[in-house]
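Student: I have a structure open on my screen and would like to talk it through with you. Could we start with a single residue and work outwards from there?

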Amino acid sequence: MAKNVSLPGGNLPPQLSAPAQRALTGAGITSLEQLAQYSEEEVKRLHGVGPNALSVLRQAMDERGLAFRQQDQDLPTQKSG
């Protein structure tokens, strides 16, 4: 069985499954702060992130006062004009 290890500079939970870790890091997400910029629905679409991984991530984010971005919130954009 492979050992789950957080990446240096990241703070993803160490109990996160290896497939979920690979999916997140493959998407450029190495920290819970980065993860909070995505909606749960977006993260769920990543191959390797299932219900158990989402539960682990939700709990870790909650412990740090973070949450997934709400589905109807847009990422900040610059206004032209």
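Tutor: Let us begin with R22, which counts as exposed because its relative accessibility is 57%, and keep in mind throughout that this is a predicted model.

Student: Where does R22 sit?

Tutor: R22 lies in helix α1, and on that side of the helix both R22 and G26 are exposed. Although R22 and H47 are 25 residues apart in sequence, their C-alpha atoms are 9.2 Å apart in space.

Student: Which residues of α1 are buried, then?

Tutor: The buried residues of α1 are A20, Q21, A23 and L24. Viewed down the axis of α1, these buried residues fall within an arc of 165°, so they line one face of the helix.

Student: What does that buried set pack against?

Tutor: The buried residues of α1 pack against α2, α3 (40-44) and α4.

Student: Q21 is a glutamine, so what makes it count as buried?

Tutor: Q21 has a relative accessibility of 12%, and because buried means under 20%, Q21 counts as buried. A polar atom of the Q21 side chain lies 3.1 Å from the backbone oxygen of L16.

Student: And what happens just after α1?

Tutor: Just after α1 comes G28, which takes a positive phi of about 85°.

Student: Switching topic, how many residues are in the largest nonpolar core?

Tutor: The largest nonpolar core has 17 residues, and those with the most contacts inside it are L24, L32, L35, V43, V49, L57 and F68. At least two residues of this core come from each of α1 (18-26), α2 (32-35) and α4 (51-63), and α4 gives the most, with 5 residues.

Student: What does L32 touch, leaving out residues up to four places away in sequence?

Tutor: With those set aside, L32 touches N11, L12 and P13 on the one hand, and L57, A60, M61, R64 and L66 on the other.

Student: Now to R69: is this arginine buried or exposed?

Tutor: R69 counts as buried, because its relative accessibility is 14%, and its place is in the segment after α4.

Student: Which polar partners does the R69 side chain have?

Tutor: The side chain of R69 makes a polar contact with the side chain of E42 at 2.7 Å, and the R69 side chain also reaches the backbone oxygen of Q37 at 2.9 Å. As for Y38, R69 and Y38 are 31 residues apart in sequence, while their C-alpha atoms are 5.3 Å apart in space.

Student: Last topic, what is the mean pLDDT of the chain?

Tutor: The mean pLDDT of the chain is 85, and 77% of its residues reach 70 or more. Over residues 1-7, however, the pLDDT is below 50, and this stretch has 12 contacts in the model beyond near neighbours in sequence.

Student: How should coordinates be read where pLDDT is low?

Tutor: Where pLDDT is low, the predicted coordinates should not be read in detail.

Technical notes:
Residues numbered from 1 in each chain as written. Predicted model: local features only at pLDDT ≥ 70, side-chain atom pairs only at ≥ 80, totals over all residues. Heavy atoms only, no water. pLDDT = per-residue confidence, 0-100. Contact = heavy atoms within 4.5 Å. Core = buried A, V, L, I, M, F, W, Y, C linked by side-chain atoms within 4.5 Å. Buried < 20%, exposed > 50% of the residue type's maximum accessible area, 1.4 Å probe, protein only. Helix = DSSP H or I, 4+ residues; strand = E, 2+ residues; numbered from the N terminus. Arc of directions from axis to C-beta. Polar contact = N/O pair within 3.5 Å; in protein donor to acceptor, adjacent residues only side chain to side chain.
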